[in-house]
Amino acid sequence: MRGKSCMKRYISVWLAIVLLICAVPGCGQSAARGRGGVKIFFALNQMDTFRQTLVDGAAEQAAQAGAQFAMEDAQGSIERQVEQLKKAAAENYDVIICSPVSVDTAVQLKMSVGDVPIVFVNSCPDEKYLQEGKYIYVGSSEQVAGAFQAEYVLSKLSGRQEFNVVLIKGPASHSATVGRTSGVKRVLEESGKQVHYVFEDSAGWDTAQAQKLFELFLKTGVSADCVICNNDAMALGVMEACRNNGIDCSTLPILGVDATADGCEAIRNGEMAFTVYQSGSGQGHAAVDAAIRLVETGSVKDVEGSTEDGRYVWVDFERVDSSNVSQYDQ
Amino acid sequence: MKENQKKIISIKVKLLAIILPVVIVIMSLLVGVLYYISKDIIKEYSENLLDSSIENQTNQIEAWLDENLSAFRAVKQSIEQTGASGQQLQAILDSYYGFDDDYPNGLYIADENGGLIKASASEKTEADPTQSVWYREGLTRWNMGLTNAYTNAEGAKVISASGILDDQSGMIRVISADLTLERISIIVNSYIEMDQARAFLVSSTDGTVLAHHDNGLISTKLSESRDAFLRDIWQKVSQYDFDMVEIDSNMTAFSQIQGTDWVLVSYIPTKVIYSDIDSVRNMMLAIGLVSVILLAVLVERVVHVVIRPVKELIKVITAMTNGDFTVEIKAGSNDEIGVMSGYVQQFIRTMRQMIASIHTVSDKLGEQAGDSDKISREMYEASRLQGQSMRELNTTVEQLSMSVGEIANHATTLAMVVADTKDDGEQVDSKMQETVAVSRSGQEDLQRVNSAMELINVSVQKLQQSIDEVGKASKEITNITEIIGNIADQTSLLSLNASIEAARAGDAGRGFAVVATEIGQLANTSADAVHNIEGLISQINSLVGDTVKQTKESVENISHSNSLVGDTLRTFDSIFGNIDQVGTLVREMIRKVEKVDEVATNVAAISEEQAASSEEILATSESMVRQVDNITSNSESVSKGAEELTASAEELYEHVARFKIGEEAGL
């Protein structure tokens, strides 16, 4: 009996200690700030048309959520961007939305804001620099864009078991190039069809270079069943080359990404078959949603499009072809 | 017995029994938790290390590829820009032969017509360059890119960097350079940062092994490998799943080489990683074990030191339990045990004093009980003696009483005898008076004899007769005196007895003793007188006899003895005087006898009283005897009580003696 009561006492003491230990950190987390009080700072790398839609979407969503919103443009200067982030941290912004001037500066950017969480947009830092609940990326998955292109090609050439593909890529090291290209290749591979990459080279997003490369390809005399470009600009170069060589672009599916005005125009003209719209305002909305959620709950896992590891929130691309191009034409 | 005497388990054992398991459990938990934490940490660390290793390798490989590709592009660009052909082009190609170890054959160019331009020294041959891997793949790009691995015409496993040479020659030309897979393998394996990690390069498009530390595997296909590990890796690579993962007990990391379809695979056996953890665990277990042992020793020591005073205390208390209060407790520590020791020490002192007092008291008690016993014995003895004495006294008093009774009887008898004696004395007196009268008449007769001497003859007869009668009377006197003498003797004896009895009667008999003495003296005097009388009577008798004879002679010699008759007359006179004296004496004696009678009567009366007193004395003495008997029995019970008291005192002493309290307390 005595032994038993002793044991009970020991167990209860230990339980008390364990509870105490468990209880202490439990007090730490609490949503201190109200939804309306969230202060968001948008650090832009450099303004362009796409980013304007991104910033506008973010501002709009912030206003709707009742959050404070401020934006500054680093105008392509890493130093200026770091400066702006330090200032934002000093001014007690709760969260930073940042489109980095260079993704290689991610560590420096994180250091500049101290404990403040960062939502990266537009260009994605390496995965290892992201951290759940602290440093996340909101954007569109480049692979999805590539996959959309491949799916279009597959549907267009559905009757063929074997076809030749020309791939005009962006700069080799660019994440968009890698993502979009792998997206294309994987989907095509998974289709089980015989796909020959009869030409695959980088034109560095450049129309003229793309035109030059495609003309060079044409010289090889190999036939192409489709031309998949990592962006619309290069697709325009390909179209130019076709025109110069008397090739009817409407018979050769040329695909781009971005749904630029020129791209949409080309689609409407029937020269370009397909492009993918990256929703700037959608990314802006998602970035603000994720930012607020990050401040309030420390996690973006319940935000639509978030990945399982909680480091990414993917915003869907949108397919653009002749059937819906009018919605994207400005 | 066994149930009563609980098994004694020392505090030390108890504490150790409690603390050690707890500590062991805690240690085990600690070791377990630390093991898992450190396992995680080491795993994470290893992952990071492998990550960084593979990243670095990737960078190195990319840099190496970039370097070579850049060199090739530079050559290609210069050819394109200069539009070099013929000798000029040959010179350029010749200048790159042996220029770099990585591509010893330099660059070479093939055209769509199957023409091959190469460095002069190059041994490269190609039956139909347009059908070669490098040519066909080179046709798909302008920027020089890497082909898949293939075996060239010389039988070497190579990859080529090839691309369309846009030299405005009007012909499609492809420029290319070969990089051997052995060289790539060396590059791959040279940049492994992590100890005991392995790496190999594989094409993600078809699973061809491009570089491997085992050269035999180079250019084989992963999917066809007999090694399950390699097949599993291909499984992942073919699905473009490049997350780090544990495959077949190997931590495996994947990295894509930029600008190529290549995937660098780096792996390290988990047992290598966990060997560190195991050594950490073993170290922790050892430390834990040592800690437990140290703790056990420490606890044992501490408890030993802490409970040492308790042990001493136990000794002291045990000694105390056995009655030994001579023990001392050392001044203890300043903790609870110390306080306890202090109080026990105080208790011992108090007990010692108390026992000492009890000792003293019990000693005294013993002594007193002894004394009391002795006294009670003595008292008993005394009272017994007294009882005896009293009984003896009682007997004596009884005898006395009897004696007094006898005395009274004797006195009565004496009084009667004396009365008789008085009567006899009176008779003697009358006889004496008769004798006197006779003597007078004899004197007268003698005087007549004297006067009538002549008539003597005639009267002698008569005289003779008278003398005879005197003789007869003398004889009677003699008889009487004898009787008186007897009486006197008896009286004397009586008085003696009375004296004796009086003496026995003590004070009470003192007066009586005087009387008895007087009576004795009187009796003596009477006896003397009787003797005298007897002597006188004898003398008378002899004188009478002489007288008779002389008378006869006188009768015969009357004539001769007229003088004699005169003498006789004188003699006769003295006889007469003597008789007179006797008579006086007799009267005196009678008076005395009367006194004796009186006294004897008194004696009798006193004796009666005495007897009565004696009875009372006897009664008193008997009650005294009873009381003494009571006293004796009381004193006996007192004695018994005293004995019991003594016994109790001794017992008490024995009990108290069991407590040892040393000399200090004064025992």
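Two residues are in contact here if their C-beta atoms, placed from the backbone, lie within 7 Å. By that test, 14 residues of chain A are in contact with 11 residues of chain B. Keep in mind that this is a predicted model, where local features need pLDDT of at least 70, side-chain atom pairs count only at pLDDT 80 or more, and totals for chains, interfaces and linings use all residues. Residues are numbered from 1 along each chain as its sequence is written, while chains are lettered from A and ligands numbered from 1 in the order in which they are written.

**Where A meets B**
- α6 (175-191), β7 (194-202) and α7 (207-220) of chain A each bring at least two residues to the side that touches chain B; helices (H or I, at least four residues) and strands (E, at least two) are DSSP runs, numbered from the N terminus.
- β7(A) gives the largest share of that side, with 6 residues.
- Sorted by class, the side of chain A that touches chain B holds 6 nonpolar, 4 polar and 4 charged residues. For this count, Ala, Val, Leu, Ile, Met, Phe, Trp, Tyr, Cys and Pro are nonpolar, Asp, Glu, Lys and Arg are charged, and the others, Gly among them, are polar.

**Chain A at a glance**
- Chain A has 10 helices and 12 strands.
- Its average pLDDT (the predictor's confidence in each residue, from 0 to 100) is 86, and 88% of the residues score at least 70.
- Residues 23-35 of chain A stay under 50, and the model gives them 8 contacts beyond four places in sequence. Where pLDDT is low, the predicted coordinates should not be read in detail.
- Among chain A contacts with a separation of 6 or more, 73% link residues 24 or more positions apart.

**Nonpolar cores**
- A nonpolar core is a set of buried Ala, Val, Leu, Ile, Met, Phe, Trp, Tyr and Cys residues joined through C-beta atoms within 7 Å.
- The largest one has 115 residues, and those touching the most other members are Ile168(A), Val227(A), Val238(A), Leu255(A), Val202(B) and Leu210(B).
- Beyond its neighbours within four places in sequence, Leu255(A) has contacts that include Tyr152(A), Val227(A), Ala235(A) and Phe274(A).
- There's also a second, separate core of 47 residues, with Leu44(A), Ala74(A), Cys124(A) and Ile292(A) among them.

**Helices of chain B**
- The end C-alpha atoms of α1(B), residues 11-82, are 101 Å apart, which agrees with the 106 Å that its 72 residues should span at 1.5 Å a residue. That expected span is 1.5 Å times one less than the number of residues.
- Just after α1(B) comes Gly83(B), with a positive phi of about 65°.
- Ser639(B) sits in helix α10 (residues 562-658) of chain B, and it counts as buried because it has 21 C-beta neighbours inside 10 Å.
- Not counting residues up to four places away in sequence, Ser639(B) touches Asp373(B), Ser376(B), Arg377(B) and Tyr380(B).

**Around strand β11 of chain B**
- β11(B), residues 262-269, has 7 of its 8 residues buried, so it is largely enclosed by the rest of the structure.
- β7(B), residues 198-203, runs antiparallel to β11(B) and is joined to it by 6 bridges; strands pair if DSSP finds at least two bridges between them.
- β10(B), residues 250-256, also pairs with β11(B) in the antiparallel sense, over 7 bridges.

Terms used
Buried ≥ 20, exposed ≤ 12 C-beta atoms within 10 Å, placed from the backbone.
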